[in-house]
Amino acid sequence: MSPQFIIWPVIFPLLLSVLLLFTWAKVNLQRFISIAGSVVSVVLAVALFTYTRSEGVIAMQAGNWPAPFGITFVSDSLSSVLILLASLAGLAVSVFSSVGINSPRVRFGFYPVYHILLTGLNGAFLTGDIFNLYVWFEVIIICSFVLITLGGERKQLEGAVKYFTLNMLASVIFLTAIAIVYGLTGTLNMADLSLQIAKIENRFLVDIAALFFFVGFGIKAAVFPLYFWLPASYHTPPDAISAIFGGLLTKVGVYAYIRVFTLIFPADAFIREVLVVTAILTIASGALGALIQNNLRKVFSYLIVCHIGFMMAGLGLGTEQSFTGTVSYLIHDILVKTNIFLVSGLALAITGSLSLRDIGGLYKQHPWIALLMAIPLFSLVGVPPLSGFWPKISLFGAALDTQSYWVLGALIFGSLLTLFIIAKVWAALVWQNPSEKIEKGEVYGTFSGLPAGIRVRYVFPVALLALCSLYVGLGAEFIMDISTDVALLLKDPKPYIEAVLGPEQSLIP
Amino acid sequence: MNTLILRTASRFLLPLLLLFSVFLLLRGHYLPGGGFVGGLVASIAFVLHGFAFDLKSSKSLLRVHPGYLIPVGLALALLAAVFPILWEAKPFMTGIWYPESVPVLGSLGTALIFDIGVYLVVVGAVLTIIMTLSESA
């Protein structure tokens with residue numbers, strides 16, 4: 001395989017959406033193409049992953065313009081693993097949306113936009129150019145604006161306004177940050193920036209630029225105190241859309257954090273302190289927010305915020321072990337967060353409600369599905385040996401080693417509250433007797449009356465992602481191996497810089 | 001707007017503006033112009049025609065629904081970008097040029113095909129938006 005291959009995970013979803021645009025009015029054909037295409041995407045992502053794992057960092061110069069002048073696409077261990085996870089989540093949501101998204105929404109172009117969103121995600125993971133990263137962010141948020149408003153329900157539009165306003169603001173701040181950095185260094189290539197920023201004498205200005213990036217990404221990743229748009233909007237669109245938002249969109253913000261604060265602004269004590277403090281506050285406010293919510297999807301939205309804090313904390317601690325924790329947490333979180341939103345969709349289809357007071361009786365009706373739901377829910381808590389457990393060990397260990405007891409306290413607090421919240425959700429969803437409203441049939445789920453072929457498409461995506469997260473938990477050795485690889489590269493980005501700029505350039509002090 | 005002057009003028013302006021948009025399209029790449037501007041000028045030509053007569057008749061001038069131009073344009077642009085990978089195993093979006101200059105058209109290459117794709121997408125998108133708005137008004 002040649003380095004030219006690494007762009008295919010970006011091109012393919014785009015090709016797919018062009019194909020889907022040609023079949024605009026044919027709903028069932030679009031559903032079929034979308035699922036088949038997502039399978040091909042997974043195959044491409046697996047190929048990229050194995051290729052990157054055997055070759056190390058691979059760089060490709062788009063348009064054959066040499067770095068740092070052209071736009072570089074770089075596949076390193078972090079990007080390739082994220083692309084693999086995004087494609088798995090994409091496949092699951094693709095299958096789920098074939099039943100979870102109604103035909104009018106499909107006729108207004110759900111699938112083409114959805115696949116362009118996946119293009120944007122893969123592009124953001126692969127690009128090695130900070131301005132190009134901004135462009136991919138724009139692709140992502142434009143698609144997400146369409147997806148969040150598609151259908152035009154009143155609550156959707158209300159959520160979309162909040163989502164739109166804050167994300168536009170984030171883009172402006174991000175762009176300002178890029179402008180400052182470009183003014184300081186005259187380059188946009190991330191590998192080159194890494195070398196140039198290190199040479200700047202005025203560290204104060206560098207910290208200011210870093211703070212701009214911090215705030216811009218912070219809004220997108222939903223960290224304290226910039227997260228309020230997330231619980232206000234993520235519960236409004238259909239479940240399939242919430243799932244891809246909850247599983248992947250905020251994680252792009254986290255990815256950008258990891259990339260920028262290890263490659264471009266590495267190991268700066270000031271920024272690390274800012275990261276750690278916001279991480280602690282994010283964990284606390286997310287967990288407490290989730291505690292008082294009553295709507296299943298709102299609970300999950302606050303849990304997203306809480307667990308973003310876990311990854312930020314690992315990034316802020318800045319040791320190799322904490323990076324391992326952050327990366328393995330990211331791997332676990334993408335799979336599980338996508339899955340719990342699909343679980344909420346399944347719960348809605350079965351019981352007809354999302355309110356914790358109304359739902360219940362799942363164990364009596366569908367014991368196997370209840371058992372299946374246990375996997376993502378308890379993976380989220382990190383019950384050993386499920387997938388959330390191992391990253392937390394690394395994070396706790398790193399916090400102990402660096403004697404950051406506040407971080408340790410926040411991590412334990414966040415974990416305990418997650419346990420409490422998930423236990424509450426589980427008890428309500430599975431054991432509690434359904435409320436009178438459901439008993440009388442005022443609200444009811446459509447799931448039991450559906451033909452088996454449709455029901456399979458509800459359950460299969462949950463099962464697929466549950467299997468993946470089971471693997472992440474039980475095959476933890478391999479996952480920790482990958483995460484350690486990534487952490488080493490994050491700690492010392494020299495191979496990344498060499499792959500982009502060539503061995504000679506990176507030697508210049 | 002039902003004035004004789006506008007009607008007569010737009011009848012002549014439509015082909016002129018379309019010709020100008022093609023000129024802008026071909027002039028692009030090294031000089032100001034290109035697919036985006038060309039596409040905007042072409043859509044203005046249709047909008048002007050729509051002002052003078054009505055949008056239905058300018059729609060029938062196009063023969064296809066403008067929405068169809070979007071995927072066609074996207075496909076063209078994407079193929080032009082992917083072509084170097086498949087043809088010469090060069091990186092994505094590398095410009096591949098026909099070695100000799102062609103009279104009138106200038107130099108031919110994947111960049112021109114990409115620009116034609118952009119042109120079609122812009123015409124398609126602008127006209128779709130305007131026609132949808134005017135139909136719902």
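Colleague: In chain A, what share of the contacts between residues at least 6 apart in sequence joins residues at least 24 apart?
Modeller: Two residues are in contact if their C-beta atoms, placed from the backbone, lie within 7 Å. For chain A, the share is 81%. By the way, this is a predicted model, where local features need pLDDT of at least 70, side-chain atom pairs count only at pLDDT 80 or more, and totals for chains, interfaces and linings use all residues. Residues are numbered from 1 along each chain as its sequence is written, while chains are lettered from A and ligands numbered from 1 in the order in which they are written.

Colleague: Okay, and how many residues of chain A are in contact with chain B?
Modeller: There are 14 of them, and they meet 14 residues of chain B. Helix 1 of chain A gives the most to that side, with six residues.

Colleague: How do those residues of chain A divide into nonpolar, polar and charged?
Modeller: Ala, Val, Leu, Ile, Met, Phe, Trp, Tyr, Cys and Pro count as nonpolar, Asp, Glu, Lys and Arg as charged, and the others, Gly among them, as polar. On the side of chain A that touches chain B, you get nine nonpolar, five polar and no charged.

Colleague: Why does A:Leu205 count as partly exposed?
Modeller: A residue is buried if 20 or more other C-beta atoms lie within 10 Å of its own, exposed if 12 or fewer, and partly exposed in between, with C-beta atoms placed from the backbone. A:Leu205 counts as partly exposed because it has 14 C-beta neighbours inside 10 Å. Across chain A, 60% of the 509 residues count as buried.

Conventions
Helices (H or I, at least four residues) and strands (E, at least two) are DSSP runs, numbered from the N terminus.
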